[in-house]
Structure formats: structure tokens, C-alpha cells
Number of protein chains: 2
Amino acid sequence: MPFPPGETTAGQVPQAEVRRRHLSVLLRHVHAEGAVSRSELTRATCVNRSTTAALVGVLAGAGLVREEVPRTHRSAGRPSPVVRPVPGSAQVIALEVGVERIRAERVGLGGEVLAERTLLPPPGGPTGFEDTVGRLAGLVGSLGGPSTAGGRCTGVGIAVPGLVRRADGLVRFAPNLGWTDEPLAAALTGRLAPPWSRVPVAVANDADLGALGEHCRGAARGCDDFVYISANVGVGGGLFCGGRPVPGQRGYAGEIGHMIVNPGGRQCRCGARGCWETEIGTDVVTEAAGLRVPPDHSLSGVVEAAEAGDERAARALDDAARWLAIGLGNLAAVLSPRLVIFGGGLQDIYEATFDRIEAYSATTGLARSRAPYTHRRSALAHRAPLVGAAELAFAPLLDDPLAACRAAAA
Amino acid sequence: MPFPPGETTAGQVPQAEVRRRHLSVLLRHVHAEGAVSRSELTRATCVNRSTTAALVGVLAGAGLVREEVPRTHRSAGRPSPVVRPVPGSAQVIALEVGVERIRAERVGLGGEVLAERTLLPPPGGPTGFEDTVGRLAGLVGSLGGPSTAGGRCTGVGIAVPGLVRRADGLVRFAPNLGWTDEPLAAALTGRLAPPWSRVPVAVANDADLGALGEHCRGAARGCDDFVYISANVGVGGGLFCGGRPVPGQRGYAGEIGHMIVNPGGRQCRCGARGCWETEIGTDVVTEAAGLRVPPDHSLSGVVEAAEAGDERAARALDDAARWLAIGLGNLAAVLSPRLVIFGGGLQDIYEATFDRIEAYSATTGLARSRAPYTHRRSALAHRAPLVGAAELAFAPLLDDPLAACRAAAA
């Protein structure tokens with residue numbers, strides 16, 4: 001494999017590029033970990049102590065981190081200074097456009113949530129794309145100016161339940177929002193007032209961002225091969241392989257809810273028949289159990305009713321377990337992940353029917369032979385896509401801290 | 001993302017490590033391209049001309065490459081020397097254990113096939129694991145000694161149709177061979193005579209190696225996101241994302257033939273019901289058409305019979321098209337590849353029923369919205385897994401050319 005561009009012999013990497021990379025590694029580490037000793041940073045970057053100290057000084061000079069001498073320490077010798085992110089120094093706006101609500105957070109470097117808003121749809125239900133963009137613009141404005149006394153806002157990230165063309169933030173298809181080919185990034189930029197309109201807007205699929213959020217700050221920290229499954233009205237997925245997201249062509253990978261598992265089955269909102277989400281979508285399961293869909297799309301009500309002896313609920317649970325086993329088996333066959341994270345109500349089903357799912361899986365020799373995957377409930381719950389949207393918005397700053405600071409200050 | 005280990009500031013990468021990497025990049029390039037000008041190598045490595053010349057000199061000194069002054073050249077000035085791999089200098093043995101035959105090749109650096117053998121099963125059909133290992137050992141011996149006048153053999157790579165634990169070459173499950181938990185790498189090493197027994201043996205899934213072969217020397221050159229589908233008796237897959245193979249946990253990813261697409265369907269050899277390979281396996285389709293399975297498992301006979309008006313063949317073709325569309329749609333939903341390569345008879349079906357497959361796919365809004373993937377016939381045909389097995393065996397040499405040469409000479 002050839003080296004990435006710019007990575008050549010020792011003497012030939014331009015010094016500025018070396019510095020950019022080291023600042024990036026340092027700032028990412030501090031952003032992810034919150035507060036780290038300078039000696040820990042020295043280990044993380046493999047740069048010597050004095051170089052690390054100088055690089056931390058550069059970030060501190062830009063206002064992005066702060067060094068403190070810890071009050072107490074156990075080991076002998078001079079204590080290693082602790083480096084912390086300055087949450088106010090660089091901030092982003094994270095937005096999630098859901099079917100039932102819009103969520104917004106203003107997030108500081110290091111991941112601290114500085115402000116948040118939730119917007120329910122207007123009376124009469126969700127309106128069209130233009131109206132949603134107007135509401136998003138209003139939310140962004142309500143979370144403080146792009147440049148406040150507290151610091152600069154360096155980006156906006158948006159999570160959307162649909163296929164998103166990453167390059168330009170065009171939402172190709174979001175069946176549950178009723179959107180086709182809506183230029184979300186450009187439309188929001190167009191609606192924002194002048195100082196805001198220079199802040200870059202990035203858009204991605206909500207489950208992809210949920211996976212990113214869980215990898216940075218949730219249940220997948222330290223796990224490099226996993227599938228994140230989001231499930232409420234629809235079923236989405238975010239995939240990581242070898243520590244990196246699997247985007248697929250133009251960012252469209254991970255539409256696991258649209259694997260066809262039951263070719264003669266129900267019509268899906270996507271137009272096909274028998275998609276996985278038509279069998280295990282939380283609303284489908286709840287309605288099959290004869291229950292009302294709760295506001296959080298949890299399936300704990302179905303599980304409780306089944307366990308209390310309700311036959312219709314028990315049948316719905318049984319069916320859901322079988323379809324869950326089939327879809328999980330398909331993902332395991334194709335990707336063989338180490339970890340599956342349930343980001344929605346499916347965890348309730350999975351836990352309640354674990355024995356049935358295992359028994360079903362055991363019918364295939366492949367499942368017996370593979371190492372089993374671990375499963376975990378999302379650590380971030382409904383916030384996972386928002387956390388990922390913030391990380392998406394922080395990416396340019398973390399890649400090139402000084403350039404992003406200059407751009408934001410200009 | 002932190003730098004890979006050892007990749008630090010300019011002055012701090014150990015010089016030996018820098019040299020190892022540059023030699024690796026150069027040798028990989030020459031191995032893949034066959035004959036390249038030194039100026040092309042300078043571009044590929046981003047190292048300056050004199051460093052490139054010195055590094056090529058090191059590889060030439062180890063006998064791995066040869067420099068020649070081209071006889072004719074068009075541009076003015078001194079012609080750039082052409083660097084060629086020396087096929088005899090380092091060689092590997094590539095083996096493929098198939099259901100119906102064992103194939104073996106002795107391959108030189110640069111990919112030239114120096115010798116090949118095919119072994120049909122003994123009368124009475126394939127025998128057990130120990131017997132197969134004995135036959136493999138015999139084949140290896142018949143292809144020349146580990147150290148011949150021509151050069152040294154630096155590795156053995158084996159392709160197997162089953163789940164293989166990469167770390168130790170244990171075949172976990174190969175239903176079509178009837179193997180469960182067979183320690184293939186260790187068993188072959190144990191059978192080889194002393195000079196051979198020091199040559200490392202690596203084992204991997206045949207479709208994974210088919211994908212590797214197509215990426216290095218076939219239809220996926222230059223394409224970093226693709227699915228390779230091998231189909232004859234079984235259906236296997238090899239996945240690439242972002243230019244790298246997707247191994248999954250322990251190397252078990254890509255078992256696409258065992259996606260369940262028809263839960264009420266036929267019993268699969270894996271033990272489950274309704275796996276994709278029970279619907280589109282070439283033997284299944286041929287038998288559904290009422291025809292005899294040809295030795296190459298091609299489906300062209302089914303297509304011809306259907307086009308000639310045979311109703312049973314036409315129905316079989318129709319069914320196969322529908323199941324092919326469903327499985328390809330599932331792979332597109334999960335992975336959204338740029339390219340699908342057909343490594344077996346399925347290409348016949350795909351080409352003959354392209355319109356039907358497209359019409360079926362068009363029922364889902366996701367397929368309409370995604371960029372379509374390209375499809376190509378395998379460029380290496382039945383040789384793809386063998387080419388990949390050779391690349392698997394060449395990997396240690398290409399990663400660290402001088403260390404591998406030293407080890408082989410010791």
C-alpha cells in the first residue's frame with residue numbers, strides 16, 4: 001500500500017504538515033478524553049516530551065486547551081500538567097431532524113453540551129422541507145451567535161433519517177420525512193444570517209452518525225468492528241470496520257433496514273416488499289401486539305404484556321424474535337462484527353428473547369463456527385446521532401486546528 | 001486518528017523503519033505493475049530521485065529487481081531506467097482446495113506463473129482431511145524445492161471454501177468439503193519435508209482471496225469499494241471497503257451466500273433454511289432447469305435453453321433472476337459498493353436477465369436514489385482465488401523485503 005500523500009521519508013515531510021498532524025492527534029485526544037496528563041499525550045503521540053510540551057503550547061496559545069498543575073498526585077517527582085479542552089473556545093451546532101421532533105445542541109470542544117433545544121412539530125403534523133429548514137435556521141440562531149463572548153462556532157452537523165450524499169449534503173431519499181433530493185446543507189446555509197452563513201454545514205445519515213457517536217463517546221469506544229442498529233419508526237444502521245466508518249458509495253452504506261428478508265411480506269415505505277424494517281420496526285411490532293406506540297418507540301410495553309400472559313403480545317414478540325434473529329444472522333454472515341449496539345427499542349426484544357434468538361442461530365453451522373458477537377445497549381440512547389453530528393461538525397477543526405481557528409476568526 | 005505505531009515526527013521515525021516502508025512501497029509497485037520506469041517509482045513513493053535510485057539499488061542488490069535502460073524512448077533527455085521484478089528471485093506456492101479439484105501454482109515475484117498442477121479427486125470421490133493434506137504436500141513437492149537454482153520460495157498460501165481463522169490457518173467450517181475445525185496450516189507444515197517445513201503457510205477463505213486477486217491483478221484494479229461474488233457449488237463473497245479487505249472478526253466476513261433471503265425455503269448445507277446459495281447456487285439453478293451440471297458450473301446452458309424456448313429453463317432463469325436481484329439489493333443496501341464482480345456462473349444469469357433485475361430493483365426507492373453499481377465479469381475467472389492465495393503468500397516479503405530475504409536464506 002503506498003503511503004498516504006505527504007507521508008514520505010523522514011526529511012521530506014513538510015514541517016508544516018508534520019505540525020498539523022501532531023496538533024490534530026493531540027487535539028483529538030484531548031477532545032475525546034476530556035482531561036489528560038501531558039505524559040499521557042506524549043505516549044499517545046509518540047513525540048518526545050519537549051515537542052509535546054511545545055505543541056500543547058501552540059494549542060493553548062490558540063485558546064483551545066488549558067494546562068493545569070494537578071493539586072494532588074501520587075507518584076514521586078514533578079507532577080505532569082493536565083491538559084483540558086476549553087469548551088468555549090470552539091463550538092459546533094449539532095442538529096437531528098427526526099420524524100417526530102427536531103433536536104439541537106450547541107456543543108463545546110471536549111463534548112460538553114452548552115445548550116440544547118427540542119422542537120415538536122407544529123399542530124397539524126410535520127410540514128414540508130422549506131418549513132423544516134426555516135425551523136432549523138431558527139433553532140441555530142436561538143443557540144447563540146456564531147461568535148459569542150464564549151467562543152467561535154466552527155461548524156454545523158445535521159443527522160437525517162435517509163440517504164445523504166455526503167459531498168454536498170443533499171438528502172437523496174428520506175421516506176419517513178417524505179423528502180426526495182432536498183439540498184439540505186445548501187438550503188440551511190442560504191437561510192442563515194451573514195455571520196452564520198460562513199459556518200460550514202455537513203449532513204449525514206442519522207444511523208451513521210449514531211455509530212460515530214457511540215465510537216467516540218459511547219458503547220463502541222475502543223471497538224473497531226461493529227454494527228450500530230437504530231430502530232424506531234424505521235431501522236437504520238451504521239457500520240465500522242477496522243476502526244473506520246464504512247461509507248459505501250457516496251455515503252449510502254448501512255441501510256440494513258432495507259435488507260429484504262421476507263420477499264412475500266409487507267410493503268415498505270421504500271417501495272419494496274419484505275424489508276427487515278417491515279418486520280421489526282418498533283411500530284410494526286407494537287401494533288402487532290395490539291398496543292399503542294409509546295412516544296419513545298420503546299418495546300418494553302410489548303415485552304411486559306407478553307410476560308404478563310397476553311397472547312397477542314407473546315405472538316408478536318415471538319415473530320419479532322425470529323425476524324430479529326434472521327436479520328442479525330445476515331449481518332453476521334456478511335460483516336462478522338465484534339459488537340452489535342442496539343440504539344432503539346430492539347434491545348428490549350433482544351434481551352427478552354435472547355434464548356430463542358440463540359436457538360434459531362444455532363441451526364446454522366456458520367453461527368456455531370464464528371466467534372459470537374457481543375451485544376450492548378447504546379450508551380448514548382437517543383442522543384447518539386446528535387453526538388455523531390457534533391463530531392461530524394468538529395472534524396475540520398480536529399483535522400487542522402490552526403487553519404480552522406484562522407477561518408473562524410476571519 | 002493517532003498515527004500508526006512508529007509514524008511520528010520527521011526526525012523520530014527510526015531510519016530502519018523508514019527504509020523498510022520505502023522498500024515495501026517500491027517492491028509492491030514493481031510486483032503489481034511488472035515493469036516501471038524509475039521516474040514512475042519516484043512519483044509513486046514521493047521520495048526524491050536519488051533516494052529512489054538508492055532504494056532500487058538495495059532491492060537490486062537483494063536480487064529482487066533488475067534495472068534496464070530502455071532501448072527506445074520518446075522524450076528528450078536521458079531515458080529513465082526501467083525496473084522489473086525478477087520472477088525467480090522470490091517465489092510462492094499458491095494452492096486452492098476446491099470441492100472437485102485441487103489447484104496449485106508456483107508463482108514468481110511479479111505474478112508470473114512458473115509451474116502449475118491440477119489434481120482431480122481419486123476414484124471414489126474426495127477423501128478426508130488427512131488425505132487432502134497429503135495430496136497438498138505432494139503437490140508442493142512436485143512444484144520444485146523451496147530453494148532452487150531459480151530462487152527461494154518464501155511462502156505458501158491456500159484458498160479454502162469455508163470459514164478460516166486467519167491467525168493460525170484453522171478451517172473452522174467448510175460444509176462443502178465436510179471439514180470442521182481442521183488445522184490446515186499446521187497439518188501441511190507438519191507433512192512437508194524439512195527445508196519446506198520452515199516456509200510459512202497462510203490459509204484464507206477462497207472468495208476473500210478471489211477479491212484480493214481481482215484487486216491486485218483483475219477486474220477491481222483501482223476500485224476500492226467492491227464485492228466479489230464467487231459462485232459454483234456454493235456462493236461466497238469477498239468485500240473491499242476503502243481499499244482494504246473487510247475481514248470481520250477473525251476473518252469470517254463475506255459469507256454472503258448464507259444471508260437468509262427465503263426463510264421458508266430449502267435446507268442449506270450450513271444447517272439453516274433459505275440461504276441465498278440455496279436459491280442461486282449454480283447447481284440448484286441448473287437442476288431446476290432440468291439440465292445436467294456442467295464441469296465448470298457455468299450457467300450458460302440454462303440461459304441458452306431458456307432463450308431457445310425451453311419453458312422449464314425459462315422458469316428457472318426467472319426465479320434465479322428474482323433471487324439474484326434480492327440478494328444483490330441486500331448487499332447494495334448494507335454496503336453500497338461501487339462495483340460487483342461475478343466470479344462464477346452468476347454473471348451469465350445477471351447479463352441474461354439484466355432488465356428484469358433492474359425492474360425489480362426499481363421497486364425500491366433506495367435503489368433509485370443510490371448511484372448504481374457497476375458490474376463486471378471476473379477478469380481472472382477460476383484463477384482468482386489462486387492469484388489471491390499467491391498474494392497472501394507474498395505479503396510478508398512485500399511488507400519487509402530484506403527481512404523476508406534474510407529469513408528465506410537462513
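**Exercise 1. Find how α2(A) and α3(A) are oriented to each other: roughly parallel or roughly perpendicular?**

Step 1. Locate the helices in this predicted model. Helix α2 of chain A covers residues 38-45, and helix α3 of chain A covers residues 49-61. Helices (H or I, at least four residues) and strands (E, at least two) are DSSP runs, numbered from the N terminus.

Step 2. Take the angle. The two helices pack at about 105 degrees, with axes 9 Å apart. Axes are lines fitted to C-alpha atoms, for helices over the stretch in contact, and angles run from 0 to 180 degrees between N-to-C directions.

Step 3. Classify. Angles under 35 degrees count as roughly parallel, over 145 as roughly antiparallel, 65 to 115 as roughly perpendicular and the rest as oblique. α2(A) and α3(A) are therefore roughly perpendicular.

Step 4. List the contact. α2(A) contributes R38(A), L41(A), T42(A) and T45(A), while α3(A) contributes R49(A), T52(A), A53(A) and V56(A). Contact means C-beta atoms, placed from the backbone, within 7 Å.

A note on conventions: residues are numbered from 1 along each chain as its sequence is written, and chains are lettered from A and ligands numbered from 1 in the order in which they are written. Since the model is predicted, local features need pLDDT of at least 70, side-chain atom pairs count only at pLDDT 80 or more, and totals for chains, interfaces and linings use all residues.

**Exercise 2. Work out the strand order of the open sheet of three strands in chain A.**

Step 1. Read the order. It is β9-β10-β11 (chain A), with antiparallel pairing. Strands pair if DSSP finds at least two bridges between them.

Step 2. Find the edges. β9 (163-165) and β11 (179-183) of chain A each have a single partner strand, so one side of each has no neighbour in the sheet.

Step 3. Check the pairs. β9(A) joins β10 (residues 170-174) of chain A over three bridges. In this pair, L163(A) stands opposite F173(A). β10(A) and β11(A) pair over four bridges. There, L170(A) has P183(A) as its bridge partner.

Step 4. Look at the turn. β10(A) and β11(A) form a hairpin with four residues between them. G178(A) in this turn has a positive phi of about 75 degrees.

**Exercise 3. Which residues of α5(A) are buried?**

Step 1. Apply the cut-offs. A residue is buried if 20 or more other C-beta atoms, placed from the backbone, lie within 10 Å of its own, exposed if 12 or fewer, and partly exposed in between.

Step 2. Name them. L184(A), A185(A), A187(A) and L188(A) of α5(A) are buried.

Step 3. Look down the axis. The buried residues of α5(A) fall within an arc of 165 degrees, so they line one face of the helix. The arc is that of the directions from the helix axis to the C-beta atoms.

**Exercise 4. Is I260(B) buried or exposed?**

Step 1. I260(B) lies in the loop between β15 (244-245) and α8 (276-280) of chain B.

Step 2. Count. I260(B) has 24 other C-beta atoms within 10 Å, so it is buried.

Step 3. Find the contacts. Leaving aside neighbours within four places in sequence, I260(B) touches V261(A), I326(A), G329(A) and N330(A) in chain A, and A272(B), G274(B) and C275(B) in chain B.

Step 4. Compare with L114(A). L114(A) lies in strand β6 (residues 113-119) of chain A. With 16 other C-beta atoms within 10 Å, L114(A) is partly exposed.

Definitions and conventions
Two residues are in contact if their C-beta atoms, placed from the backbone, lie within 7 Å.
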